Amino acid sequence: MIRTVLGDIAASDLGATNYHEHLFQVSPLLPGDELSDEAASAAEAALLRDSGFEAMVDATPVGLGRNPAALARISATHALSIVATTGTHREAHYPGDHPLRALKADALAELFSDDIERGMPASDAFLPAQVRAEIALTPAGEPVRAGLIKAGIGYWAISSFERETLDAVAIAHRHTARPVMVHLEFCTAAHEVLDILAAQGVSAERVVLAHADRVLDAGLHLSLVERGAWLGYDGAARSKQFSDEQLLELTERVVRGGGAGRILLGGDVARATRYIAYGGMPGLAYLGNRYVPRLRECIGEPAVEQLTVANPALFLDAR
Ligand SMILES: [Zn+2]
């Protein structure tokens with residue numbers, strides 16, 4: 001079963017899924033790009049839906065402006081399945097005095113497991129696990145639960161906070177069987193993170209490496225696929241880093257090399273200034289409207305279907 005904000009659904013009911021976006025996110029690292037307006041985020045979600053996706057992961061972890069009740073309302077209104085996230089981002093997103101930083105792995109794991117089992121707090125203002133806030137509710141009055149656990153690390157660096165969160169993610173994964181997402185900077189330390197998680201009982205087959213495509217290295221990617229890990233491809237429309245054409249070429253090479261069963265597709269647009277409904281562009285619909293048609297020409301419809309339907313259903317299912 002896949003845990004969405006409106007409840008558990010069968011993996012076969014998920015449909016075409018964008019594995020990584022943010023409907024709500026507030027981070028000191030992204031000033032002026034706050035995603036916190038429910039009406040605007042709902043309008044952007046509708047654009048995503050109209051571009052061909054039936055489901056998405058809201059990849060915003062603890063403490064960065066999550067709004068679970070609003071996710072549930074948007075999901076119900078726009079017939080878009082949404083999987084919410086617990087866990088943490090890389091350390092740079094949390095100011096030095098952030099209370100999350102004081103917690104050790106066991107306490108963090110309890111927080112993450114609570115989000116998955118009991119429900120997520122209505123407000124993302126941080127509270128210690130012992131005094132959890134009121135739980136966010138769906139329009140039907142059920143608790144809104146998270147369905148994925150996230151951690152993040154730096155560029156070839158794992159700080160002590162990040163190491164603590166990786167340990168906590170492993171504990172929460174062993175407890176809940178939910179899938180794991182790790183934010184990487186330019187796909188550095190991918191094997192090292194998988195080693196740390198594997199040593200604690202998290203199989204690479206349950207881990208997606210977010211932003212793997214920030215390095216256009218098919219050989220590295222296939223070495224990660226070989227050990228069972230998922231590649232999060234979410235770099236379309238990032239012209240300052242590379243062109244969509246380069247990303248398409250990378251995808252084609254990895255698919256030809258046998259990696260089609262381990263790629264997840266997302267946009268990770270993440271900034272208000274890139275959302276149509278917040279007055280920016282290109283918006284969450286870019287992936288479905290502009291990128292996927294070109295991908296279809298490169299790798300064919302069956303492979304696109306695998307990347308957008310079969311793969312997310314397999315990855316997000318708790319087994
Ligand atoms: Zn993201």
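Biologist: How many disulfides does a search of the whole structure find?

Modeller: This is a predicted model, where local features need pLDDT of at least 70, side-chain atom pairs count only at pLDDT 80 or more, and totals for chains, interfaces and linings use all residues. Residues are numbered from 1 along each chain as its sequence is written, and side-chain values use heavy atoms, with hydrogens and water left out. A disulfide is a pair of cysteine sulfur atoms within 2.5 Å. Searching the whole structure on that basis, the number of disulfides is 0.

Biologist: Thanks! Is cysteine 187 buried or exposed?

Modeller: Buried means under 20% relative accessible area, exposed over 50%, and partly exposed in between (1.4 Å probe, protein chains only). Cysteine 187 has a relative accessible area of 5%, so this residue is buried.

Biologist: Which residues are the protein donors of the zinc ion?

Modeller: Donors are N, O and S atoms within 2.8 Å of the metal (3.2 Å for Na, K and Ca); water is not among the atoms, so sites may look incomplete. Here the protein donors lie 2.1 to 2.2 Å from the zinc ion, and they are His20 (NE2), His22 (NE2) and Asp268 (OD).

Biologist: How many residues apart in sequence are the parts that histidine 22 and aspartate 268 tie together?

Modeller: Helices (H or I, at least four residues) and strands (E, at least two) are DSSP runs, numbered from the N terminus. Histidine 22 sits in the loop between β3 (17-21) and α1 (38-50), while aspartate 268 sits in the loop between β10 (263-265) and α8 (286-299), so the parts they tie together are 246 residues apart.

Biologist: What separates aspartate 167 and arginine 163 in helix α4?

Modeller: Their side chains meet in a salt bridge (3.0 Å, N to O). The two are 4 residues apart in helix α4 (residues 160-176), so the separation is about one helical turn.

Biologist: And which arginine forms a salt bridge with aspartate 195?

Modeller: Aspartate 195 is partly exposed, at 43% relative accessible area. The closest N and O atoms of this salt bridge are 2.7 Å apart, and the partner is arginine 227.

Conventions. Salt bridge = Lys/Arg side-chain N within 4 Å of Asp/Glu carboxyl O.
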